[in-house]
Amino acid sequence: MGVGLSDEEDRKQFAGIVVPHLSEAFVVASWLTGNRTDAEDVVQEACLRAFRAISSFAGVNARAWVLTIVRHTAYSWLAKNRPSEIVAVEDFPGEERLTEQCIGGWSATVTSTPETALLAKLDVRRLEAAIAALPLAFREVLILRDVQGLEYREIAEVTTLPVGTVMSRLARARRRIIGALRTTEE
Amino acid sequence: MSPSDDSQLVHAYVDGELDPAHAIVVGRKIASSPELAAELEQTRALRQALREHLPPRTLPPHLRSRIEAAVGIRHRWTRPSWQALAASIAIAFVLGGGSTWAVLRPAAGDRTAAAVLDGHMRALMAPHPADMTSSERHTVKPWFNGRISQAPRVVDLAQDGFPLIGARVDVIDNTPVPTLVYGRRLHIISLSAIPDEDRGGGAAARRSINGYNVVSWHENGVSYWAASDLGVGELETFAQLFRKAPAG
C-alpha cells in the first residue's frame, strides 16, 4: 500500500495514536473476519483510513478511535467478501428485550449444573469455535468486552450502539457461549 | 424491573458497570435468587476463561513493519530517530521536575530508556518476544547462566495477572543484560535488569516514548527498566508488585 507524500506531523501522530493499538486492532479484526489472513488485510486497510483521517482525531480515546475504524473496515470487508455475515438486527428476535422464553430455557439448565464445571473442563478449541459461531453482532461485543476489556461506554462508542443494547447483546452472547459449551460437552 | 432485566443486570454487575446504588440492589437480588446466582457464577467463569485461556492472536511482525513503512515511519529504533527522541525526553525531563528525576543522570538515563525500548520493540517484531519461553522462574533464572555474568531477580507475578512468559538477552550500551518478559492480557512487558552500583534506591521514574511507556527504578545495585505499550498506571502497578515480591 502506498500513501504517497505525507506530512511529518501526520506520521508522528500516527506513530503516537495508531501504532500503540495495532496489536489490539489485529485481535479484533481476526475475530471479526475469522482468520489471520483476512485480518491482515483489514488492519492494513484500517491503518490507511486512520492515517488519512489522523488530523480528525479528537484526542480523547485513541484506542476507541482506532477500534472504531477497524470495525468499520471489517464491516466493509465482510459486506464485500462475505455478505451473509452481515445480518440485520431485526433478524434476531428479541434483540432489544430479552424474552421470558429465552430466560426460562436458560435458567432450567443453569441451576442443574455446578458453577465451576464450565471452567474445569474447558476445551479451548471448543471455546474458540463457540465464539466463531456467534452472529457478528454478538461476537463483536463479546470480543470488545471480554477479550479486549473495553468498558460498555467504549463499546457503545466503537459500535455506535446504545449502552443498553451493548449490555443486552453481551448478556446474550455470553449465554450462547455457555450454552454451546454445555451442549457440545454432552 | 422484570426478571429478564435482572438477568441482564447480572452481567453489568459482574463487569462492574453499575453505579453503587444499583449494584447494591442487584447484589441483593442475586443473594436471594439461585438462578441469578448461577448466572453470576457462570458468567464469572466464562469471563475468566476468555481472559486467561484463549490463545493470543499476535500481530504478525511483518504486518507492523509494512504498515510503518507504508506511512513512512521507518526504523524507529535507529540512531537518528533515537537522538530525536532523546531531545523530546530531555524536554520531558525538564517538565517532569522534582522527586526522582533529580537523582537520574539525564543523558545516560535517556540513552538507556531508548535502548531498553529498542530491545522491547525488536522483540515485538520478532516471531517471539522471548528467546526462551517458560512461566517457571526456577527454569528462567538458570537459563541466564553462561549467557551473562549475573542472573537477575526473577519473581512470579502470575497471581497478580502478570504471568512470566520467558527471557532474553538484550544489548544495552554494548553490554548484554538479562531481560525478563511478562504478559498482561495481550500486552508484553520487557523488564531489563542492568547492573549499576553507582546509584542508591529510589522511587520509580516514568517516561513515555511514542506510545510506549518505560518505568525505571533502582535497587540493590541494579537498575530495572520496564517497557510496554501498557498504560502507565498498569506498568507502575507491575513495577510495585515486582519490587514488593520476595526475592527468587
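Predicted model: local features only at pLDDT ≥ 70, side-chain atom pairs only at ≥ 80, totals over all residues.
Colleague: At what angle do helix α2 and α4 of chain A pack?

Modeller: Helix α2 of chain A, residues 22-33, packs against α4(A) at an angle of about 30°, and their axes are 10 Å apart.

Colleague: Is that roughly parallel or oblique?

Modeller: Angles under 35 degrees count as roughly parallel, so α2(A) is roughly parallel to α4(A). The crossing of these two helices is right-handed.

Colleague: Which residues meet there?

Modeller: From α2(A) the residues are A:E24, A:A25, A:V28, A:A29, A:L32 and A:T33. In α4(A) they meet A:R63, A:V66, A:L67, A:V70, A:R71, A:A74, A:W77 and A:L78.

Colleague: And how do the residues of that contact divide?

Modeller: Ten are nonpolar, one is polar and three are charged.

Colleague: Let us turn to α9(A). How does α4(A) cross α9(A)?

Modeller: Helix α4 of chain A covers residues 62-81 and helix α9 of chain A covers residues 152-159. Their axes come within 8 Å and cross at roughly 40°. The two helices are therefore oblique to each other, and this crossing is right-handed.

Colleague: Which residues make the contact?

Modeller: On the α4(A) side they are A:A64, A:L67, A:T68 and A:R71. On the α9(A) side they are A:E154, A:E157, A:V158 and A:T159. The residues of this contact divide into three nonpolar, two polar and three charged.

Colleague: A change of topic: which residues touch the most other members in the largest nonpolar core?

Modeller: That core has 62 residues, and A:A25, A:V28, A:A29, A:V43 and A:V70 touch the most other members. Among them, A:A25, A:V28 and A:A29 of α2(A) and A:V70 of α4(A) also take part in the contact between those helices.

Colleague: What is A:V43 in contact with?

Modeller: Leaving aside neighbours within four places in sequence, A:V43 is in contact with A:A25, A:F26, A:A29, A:V70 and B:L63. There is also a second, separate core of 40 residues, including B:A115, B:V140, B:V215 and B:Y224.

Colleague: Why would such residues gather?

Modeller: In soluble globular proteins, nonpolar side chains tend to be buried together.

Colleague: Finally, what does the secondary structure of chain B come to?

Modeller: Chain B has eight helices and seven strands. The chain contains 248 residues, of which 38% count as buried.

Colleague: And what share of the chain B contacts with a separation of 6 or more comes from residues 24 or more positions apart?

Modeller: Such residues account for 57% of those contacts in chain B.

Key
Residues numbered from 1 in each chain as written. Chains lettered and ligands numbered in written order. Axes fitted to C-alpha atoms, helices over the stretch in contact; angles between N-to-C directions. Helix = DSSP H or I, 4+ residues; strand = E, 2+ residues; numbered from the N terminus. Parallel < 35°, antiparallel > 145°, perpendicular 65-115°, else oblique. Left-handed = near helix turned anticlockwise from the far one by under 90°. Contact = placed C-beta atoms within 7 Å. Nonpolar A, V, L, I, M, F, W, Y, C, P; charged D, E, K, R; others polar. Core = buried A, V, L, I, M, F, W, Y, C linked by C-beta atoms within 7 Å. Buried ≥ 20, exposed ≤ 12 C-beta atoms within 10 Å, placed from the backbone.
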